Amino acid sequence: MKTGLISCWAREPPQLTALAQRHHYGSFNSHNRKTCGLGIKTSSGKLGAETVSALIKLMEHHHIDFVRLTPTQDFLLLGLKKNSLPEVIEGLHALDLQTAPGPLRLHSTACTGLTYCKFALSETKEFTEQLLKRLEQRFPEWEKPLTIAVSGCSHGCSHPFVADIGLVGCKIKDPSGESVSGYDIYLRGRLNGTDSRFAERNGIRLPSYAVAGYLENLLEQLS
């Protein structure tokens with residue numbers, strides 16, 4: 001039996017927004033051109049209490065009243081005075097908040113993970129941050145757009161199934177036979193309008209501590 005939704009899709013494919021159009025990092029003019037906005041990349045979608053407190057003080061000092069969250073786990077500051085922009089950016093960088101993330105970090109996302117989600121099998125936030133730092137150190141001149149999505153379970157809340165590299169949490173036995181957190185590897189997914197495709201599971205399942213080395217070898221082949 002066909003539903004209205006399925007028959008609608010048969011007539012016209014759903015419109016999917018490409019990842020390249022889903023980020024808003026750096027400065028941009030507001031609609032009235034008198035003020036500007038600033039897009040900020042968080043550390044794998046996580047802000048600690050001290051960082052939030054310092055961010056609020058920074059906003060109060062520069063009379064910034066508006067914050068908007070984004071679907072990519074980042075946020076926008078709106079209504080900045082243009083002459084205060086350099087000082088605000090400097091203050092954000094001091095909090096390890098980036099306004100011009102590199103290509104390895106640009107489209108990276110991580111779900112809530114084991115720390116806060118009852119479905120997760122693997123920790124994600126700190127894992128992703130350490131993974132990105134290691135890859136950035138290993139490939140400081142990397143320029144190709146790359147999407148890395150880390151999800152603590154097969155629910156895929158970070159969209160690993162439409163990412164270039166998707167890491168999906170699982171349980172795996174280490175060499176001693178002990179059950180530890182790990183990841184299934186998915187590759188070659190893409191979210192690019194009508195040219196989108198689901199990632200393919202490559203059959204490799206690794207403990208968390210072995211993922212970074214595997215990805216280093218993979219990116220070495222792609223570089």
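Predicted model: local features only at pLDDT ≥ 70, side-chain atom pairs only at ≥ 80, totals over all residues.
Contact here means heavy atoms within 4.5 Å. With that set, I started at Leu-135, which touches Leu-104, Ile-148, Leu-215, Glu-216 and Leu-219, leaving out residues up to four places away in sequence.

**Ground rules.** Residues are numbered from 1 along each chain as its sequence is written, and side-chain values use heavy atoms, with hydrogens and water left out.

**Cores.** I looked up the nonpolar cores next (sets of buried Ala, Val, Leu, Ile, Met, Phe, Trp, Tyr and Cys residues joined through side-chain atoms within 4.5 Å). Buried is under 20% relative accessible area, exposed is over 50%, and partly exposed is in between, with a 1.4 Å probe and protein chains only. The largest core has 23 residues, and Leu-135 is among those with the most contacts inside it, along with Ile-165, Leu-167, Leu-215 and Leu-219. At least two residues each come from H5, strand E6 (148–151), strand E7 (165–173), strand E8 (179–187) and helix H6 (208–222). H6 gives the most, with six residues. Apart from this core I found another, of 14 residues, including Cys-36, Ile-40, Leu-58 and Val-88. My helix and strand labels are DSSP runs numbered from the N terminus (helices H or I, at least four residues; strands E, at least two).

**Sheet.** I traced an open sheet of four antiparallel strands in the order E1-E2-E4-E3. Strand E1 (26–29) and strand E3 (66–69) are at the edges with a single partner strand each, so one side of each has no neighbour in the sheet. From one strand to the next, the twist averages 25°. Pairing needs at least two bridges found by DSSP between two strands. E1 and E2 are antiparallel over four bridges, and Asn-29 has Cys-36 in E2 as its bridge partner. The two strands form a hairpin with six residues between them, and Arg-33 in the turn has a positive phi of about 70°. On to E2 (residues 36–40) and E4 (residues 75–80): four bridges join these antiparallel strands. Gly-39 has Leu-76 in E4 as its bridge partner. Helix H3 (residues 85–94) lies across E1, E2 and E4, at about 15° to E2. Axes are lines fitted to C-alpha atoms, for helices over the stretch in contact, and angles run from 0 to 180 degrees between N-to-C directions.

**Leu-114.** I found Leu-114 in the loop between strand E5 (109–110) and helix H5 (125–138). Its relative accessibility is 40%, so Leu-114 counts as partly exposed. Beyond neighbours within four places in sequence, Leu-114 contacts Ala-120, Leu-121, Ser-122, Glu-123 and Ser-181. Its C-alpha is 9.0 Å from that of Cys-153, 39 residues apart along the chain.

**Voids.** On a 1 Å grid over the protein atoms alone, a cavity is a set of points where a 1.4 Å probe fits but cannot get out; a pocket is an open set with protein on both sides within 12 Å along at least five of seven lines, and lining residues have an atom within 4 Å of a point. I got two cavities of 30 Å³ or more. The largest holds about 40 Å³, with Asp-96, Arg-105 and Glu-129 among its lining residues. The second largest pocket holds about 220 Å³. Of its 13 lining residues, Ser-43, Lys-46, Gly-48, Asp-96 and Glu-129 are the closest to its centre.

Note on methods
Points joined across faces, edges and corners; volume = space filled by probe spheres on them.
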